[in-house]
Amino acid sequence: MQLNQRNIFKIKKQLSCPTYSRQTLKTGIVHIGIGGFHRAHQAYYLHQLLGKYPKSGWGICGVGIREGDRTMYDILKKQNGLYTLIVQHPNGTVKSEVIGAIKEMLLAVDTPKKVIDKMAHPDTKIVSLTITEGGYNFSPLTGAFNFDNADIQQELLHPDQPKTVFGYLTAALRKRRTKGIAPFTILSCDNIQHNGDVARQMVLAFAQKQDAALAEWIAENVTFPNTMVDRITPVTTSADIGYLQEEYGLKDEWPVVCEPFIQWVVEDKFVNGRPPLEELGVQFVPNVTPYEKMKIRLLNAGHSVLGIPGAVHGHPTINACMEDAVFAKFMRAFMDKEATPVLDAIEGIDLEKYKDSLEERFANPNIKDSVSRICSESAAKLPKFLIPTLQENLASGGSIDYATLILVAWCYYSDKEMDENNNPLEIIDTQQNLLHEAAKKTASHPLSFLEVSEVFGKLIENERFTKRYVEMIQLIYEGKGIRKIMSDI
Ligand code: CS2
C-alpha cells in the first residue's frame, strides 16, 4: 500500500496517522531544506501541535532550493507530504507514526516564482532553515559573507532570479515590503553557534549589496531568533524502507529514523506570531547561547571525535565506536578535559549528567548512525564544532591532545581516502578535492593539511599546536594505528 492521503483511512488501522484535516491546513511556515533532520524534529513538533490545534494554521510548506532536492521533492509530492517517522529506542522498542505537518512541497529550481510568492504570502509567518553548516556562506577566517560565490554574484545582478537562500529571502521580503505585508521571522535551525545572529548578519550583508533600503527595512523589521535543535537522525537506509513494508505492508519511499530524545531551545522573538510550542516541551528562553554552545561543543563535536577516527579504524557506525572501550573512553576524555573547561555554566543544567546522557544516546544500538554521515561535510562542521575548543584551549594553556589527534586523523582520512584495512572510505565533502590535495603532501611537508586556511584559520601559526600535530602525524604515518595512538594519550 502506497503511503498517500487517499490511503490514510486504511493505514490508520495499523499506524498512528494525522488526526487533523490536511486539506484545509494553512501553511504558516515555509521551511527551506526538507531533509531527515527537519522531518524528525520541527515537522514532528508541528504535527503534534496540529493534533492539539487542528485549525491553528501552522502547517509547513517545504522548499527545496537545489537540484539535489529533487528526489525528496518527487517522493514527498507523490506521498502528499506524508512520511513515516520510525523512532528507535535503545531497548529495541520501535514506534512508528505517519507525520502530516508538511502540507505541500515546492522545488525552487523548477518554480522560482511560486517559491517567492509563497514566502511573500500573508499566511507565511515564519521562514525556517536547515541549510547545513556550510549554507551560511561565510568565511571561517574573517566571518564575512562570501561574495565570490558565483550564484551569489548572479543573483545580486538579477534580484528577480534568485539562486540561493539569500536571494529567495530578500526577494520575498522585498515583495512583502512593497505590498505592505508584515515581515516573517527567519528561524535558523542549523548547528551553528548564534545561528540566528549569523543568519541575520549574512542576510543583511547580502541585502546591503543588493538594495540598501531593503537591508535597512530588514534590519528594523525582521527578527532572527537563535535556536538550539537536537535529535539524532541517521541517514535512511533500504532496511528502514523494507521494515515498513514487512511490518505494515506500507510503501514509504523516504521514511525518517530517529532516536527518542528531542530538544528545541528557542529565543522568544518572533515578529509575526509563533506556534505555542511550549505546550509540547519546547523551551523558550531569553538567551540560547549557552545551550547552543553546550550542544555543539559536546554532542556535535563528540560525534566527530568518534566518527573521524572511527572511519579511519574501520568502525561503521557511532554505536560501534561506543562499543569499543578505547573510543568511548577517548570521547569522554575529550569532553571532560578539553570541551568542558571552556564551556560556560548553564543554570539548571548539570554538565556531567548531560555528558552521561550523550554517551547513552551515542551508544543506542538501534540508531546505527553511520560514521560517513558524521564525517560528511567535516570542512564545514569542524570549524564550528571542534576548532573553537582547540583555539580556546590554546589561549588558556589547556589540554589540546584530543582535538589535535582528531585533526591528524582527518588529515590521514583525507589523504588516503581508505581506512586502515585498505577499504575505501565513503567521503562526502564539497571540499574533498581541496582537502585531499593538501593532505597528500603530508609525507614530505607535515603541516600541509593545515594550510587550508578556509578551514583551519591561523592554527598553523601556533607553535604549541603544530609541534603536537607533527608528533601525532608521524605516529599515524608510521603505521602505529589510530586506535593505539588514542589509547596511549
Ligand atoms: C551530527 C548532527 O552532523 C553531525 O555531525 O553531529 O547531525 C547531530 O546528529 C544532530 O545535530 C543531533 O541533533
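User: Which helix gives the most residues to the shell around the ligand?
Analyst: Helix 11 does, with 4 residues; helices here are DSSP runs (H or I, at least four residues) and strands are E runs of at least two, numbered from the N terminus. This is a predicted model, in which local features need pLDDT of at least 70, side-chain atom pairs count only at pLDDT 80 or more, and totals for chains, interfaces and linings use all residues. Residues are numbered from 1 along each chain as its sequence is written, and side-chain values use heavy atoms, with hydrogens and water left out.

User: Which residues come nearest to the ligand?
Analyst: Asp 230, Lys 295, His 303, Arg 373 and Lys 381, out of 13 residues around the ligand (a heavy atom within 4 Å).

User: How far is the polar side-chain atom of Lys 295 from the ligand oxygen? And that of His 303?
Analyst: For Lys 295 the distance is 2.6 Å, and for His 303 it is 2.7 Å. A polar contact is a pair of N or O atoms within 3.5 Å; within protein, one must be able to donate a hydrogen and the other to accept it, and residues adjacent in sequence count only if both atoms are side-chain atoms.

User: Why does the ligand lie between the domains?
Analyst: Domain 1 (5-285) and domain 2 (289-488) both give residues to the shell, so the ligand lies between them; the bounds come from an automatic or database domain assignment.

User: Changing topic, is strand 3 buried or exposed?
Analyst: In strand 3 (residues 83-88), 6 of 6 residues are buried, meaning under 20% relative accessible area, with exposed over 50% and partly exposed in between (1.4 Å probe, protein chains only).
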